[in-house]
Protein chains: 2
Amino acid sequence: MDAATVMERCDALQVHTEEPGRLTRRLATPALAGAMDAVEGWLRDAGLETHRDAALNLFGRLRCGSPGAPAFLLGSHLDSVPDGGRYDGPLGVLTALAVVERIGATGARLPFDLEVCAFSDEESTRFSTAYWSSAAVAGRSDPAWLDRSDTSGVTLRDALTAAGGDPAAVAGCARSRGEVAGWLELHIEQGPILERDGLPIGVVTGIQAQAQHRFTIAGTAGHAGTTPMAGRRDALAAAAALIVGVEDVARRTPGVVATVGRIDAEPGATNVIAGRVTLTTDVRHPDDAVLGRALAEIEDAAHAIAAERGVEITNEALALNRAVPCDPGLMSACARAIASQGLPVRELASGAGHDAVALSHIAPVAMLFLRCRGGISHNPAESVLAADVTVALDVMERVITTIGGRP
Amino acid sequence: MDAATVMERCDALQVHTEEPGRLTRRLATPALAGAMDAVEGWLRDAGLETHRDAALNLFGRLRCGSPGAPAFLLGSHLDSVPDGGRYDGPLGVLTALAVVERIGATGARLPFDLEVCAFSDEESTRFSTAYWSSAAVAGRSDPAWLDRSDTSGVTLRDALTAAGGDPAAVAGCARSRGEVAGWLELHIEQGPILERDGLPIGVVTGIQAQAQHRFTIAGTAGHAGTTPMAGRRDALAAAAALIVGVEDVARRTPGVVATVGRIDAEPGATNVIAGRVTLTTDVRHPDDAVLGRALAEIEDAAHAIAAERGVEITNEALALNRAVPCDPGLMSACARAIASQGLPVRELASGAGHDAVALSHIAPVAMLFLRCRGGISHNPAESVLAADVTVALDVMERVITTIGGRP
């Protein structure tokens, strides 16, 4: 299975979407099930033993270790944000399959089995549950998350049951540290550095710390024509001030990125002052302490806005993920594999979160970034070069054989 | 029919709602049809000749003039904003019915017939069509409005047909200037002045100028973790700056009120920078020229934000209504009727728009405001005193008999 096949399959998976004409594939939807079925077929075609777990994850195992050996995991996720691109997730799953297929074809024996992983919920778009599916594998899925609802009021518990998963068995998805030898994921960079430096691939040093919150602003609904400006408790105007404040905190703290991506104003009529607004924040920095200070500044801004405008502003944490460094031994193997291609070794921090955050609790983790056009991701314009995928497959194969003691 | 009955009927109409537990009654919904049916029953009970027109309006006529005489119109609307109150609209319809019923009971002959009007769409919540139903009666309904869609994508044309109206016959709803002798509406003040001054009722001098626009902010969607702050074209951050700017224009221009009540951000995910945002503005001032300057300042703010942030900001006008003065003769009759109750005559400008805006094109118009608790409207907390309604009924009856030449 070569790079051209990987590219074709990334194209082909786009048909599995919730919305005609754009790629949206959230947890526990028929679209995701369709993608999982397609990939399971390819895993079987490659001779791997497949299974699904209670959290709707898909695995395909190559028995190249001794009986009872742990598994070295490779892969990514198959869910997608609304209106996303074809490579964020599927590229990691399909390159993993290509590499495992190649190693299987050599008949090589390794100190571990190899397992291709296709996670069901990395983007957390539907239930705001960070790394829910890989957290289940890492034994870190909070049972309370099952009661979270999507925007239609459907709980994760009910969605999971309807999609063929098993809420009661999610805890049983957990694997122990002894069962997992490591984790390697290839992912598009989602940033501009490799393209700027003219490099196809780079080694990820770690994943930055990330916090997501939901803010609720409670004011007083009223008539847009008869309520004097001075007497208003306008929840949407207060929300706007908060959005500007969040942006301001990020702009004045180097390395912090902060985003308000969702907002909902009620009652939502042109001639009615909004009485209640909810919005989400997503704040990240490579250093836990710097992130903590930025979050405190956002809280201060919210308090000041609430006091000035006579509204109530509350927030709840949706997710809080500490910075996760990649494993030095695996990073070294990645660097040597890239150098063996005659390429300079570029190290990068990951701006985005990945399943490695959850999996780092049970295994050493590593990631490789692939150059992507314009640094664009979470967008239909995601684009990679087949030639870069060719390089990535060779690098990944060498990483596995190196750490398996067969360089 | 006394004030207690008016109050009971305002209560009773609350059952006709789109949403259990809160009052929402938009154009061409079963909820509005239910309210219209109930009121039609009461009109018939009072001996009035009822009819519906193609725009879903309801009328009940008392033949107290000579054959061929024009009609003096009294009433208000039966639609409601989402989560609205029980008096905004129904109070005007039911007091009109009470007054016409009383005059009918006296057997008085007047130089005009009397007609109770219950308009179908004053709030414009569903299709953003300002005074669509009274505009039809005034012969000023723009046929292009029929192609406007609600948030579900249903056009006004289709909604109207489904609800038993007739899009092709809306133009035929128009009445000529000679057919309409005048318009009188009682409405809750929707402001704090009468309550502050301890007065039950006041005379409206006119309705302020109003402009509604829909702004669209187009940026670039992107990953919340990997897109540096400096490179962003965040449509929601730009929208927030615009909302703050709109508020700022209103705050620094005495008498201007400006509101952003609706906002929608796409794709609407916690970890994705918004690529596209739409929001509405509603800006009002009693003077056309001052309103025009405020709108120009908002445009300037939008241009500055677009240039600074590298986003595109466009807008379309949803409604533009010039200031409408009430008729001096009718105002004088209102003032004398209030004075005859031994009450001081308080004149007020209307901060809200009303059907008088449309009807002023075919007839002299007048309005009376009733004290409402806390100045609150467009809210379930709307509240009036039965004693104030009693005063209003006497005042309205005297206004009609005065202008009819029977003081």
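The side chains of A:Arg22 and A:Asp83 meet in a salt bridge, 3.6 Å from N to O. A salt bridge here is a side-chain nitrogen of Lys or Arg within 4 Å of a carboxyl oxygen of Asp or Glu. A:Arg22 lies in the loop between helix 1 (3-12) and strand 1 (23-25) of chain A, and A:Asp83 lies in strand 5 (residues 80-84) of chain A, so the pair ties together parts that are 61 residues apart in sequence. Helices (H or I, at least four residues) and strands (E, at least two) are DSSP runs, numbered from the N terminus. Over all chains, the structure holds 52 salt bridges.

This is a predicted model, in which local features need pLDDT of at least 70 and side-chain atom pairs count only at pLDDT 80 or more, while totals for chains, interfaces and linings use all residues. Residues are numbered from 1 along each chain as its sequence is written, chains are lettered from A in the order in which they are written, and side-chain values use heavy atoms, with hydrogens and water left out.

**The two copies**

Two copies of a chain are related by a rotation about an axis and a shift along it. Here a rotation of 180° with 0.0 Å of shift along its axis superposes chain B on chain A, with an RMSD of 0.1 Å. That is the relation of a two-fold axis. The superposition is by least squares on the C-alpha atoms of residues with pLDDT of at least 70 in both copies. In chain B, the C-alpha nearest the axis belongs to B:Ala240, 2.1 Å from it. Both copies use the same surface: 100% of the contact residues of chain B recur in chain A.

**Where the chains touch**

Contact means heavy atoms within 4.5 Å. By that rule, 55 residues of chain B are in contact with 55 residues of chain A. In chain B, B:His223, B:Met229 and B:Thr270 lose the most area to chain A, together 15% of what that side buries. Buried area is the accessible area (1.4 Å probe) that two parts lose on being put together, summed over both.

Between chain B and chain A there are 2 salt bridges. B:Arg309 forms a salt bridge with A:Glu247, and their closest N and O atoms are 2.6 Å apart. Several elements of chain B give two or more residues to the side that touches chain A, among them strand 5 (80-84), strand 11 (257-259) and strand 14 (276-285). Helix 7 of chain B gives the largest share of that side, 9 residues. The residues of the side divide into 24 nonpolar, 22 polar and 9 charged. Ala, Val, Leu, Ile, Met, Phe, Trp, Tyr, Cys and Pro count as nonpolar, Asp, Glu, Lys and Arg as charged, and the others, Gly among them, as polar.

**Two domains in chain A**

Chain A is divided into domain 1 (3-208 + 323-403) and domain 2 (209-321). The bounds come from an automatic or database domain assignment. Taken over C-alpha atoms, 33 Å separate the centres of the two domains of chain A. Their contact takes 13 residues from domain 1 and 12 residues from domain 2.

| Interface | Buried area | Share from carbon and sulfur atoms |
|---|---|---|
| Chain B and chain A | about 4600 Å² | 57% |
| Domain 1 and domain 2 of chain A | about 970 Å² | 43% |

A:Ser128, A:Gln208 and A:Ala323 supply 54% of the area that domain 1 of chain A buries against domain 2, more than any other three residues. The count between these domains is 0 salt bridges.

**Backbone details**

Most residues other than glycine have a negative phi, and most peptide bonds are trans. A:Ser128 has a positive phi of about 50° although it is not a glycine. A:Ser128 is found in the loop between strand 6 (113-119) and helix 4 (132-137) of chain A.

A cis peptide bond joins A:Glu266 and A:Pro267, with omega about 5°. A:Pro267 sits in the loop between strand 12 (263-266) and strand 13 (272-273) of chain A. In chain B, a cis peptide bond joins B:Glu266 and B:Pro267, with omega about 5°. B:Pro267 is in the loop between strand 12 and strand 13 of chain B.
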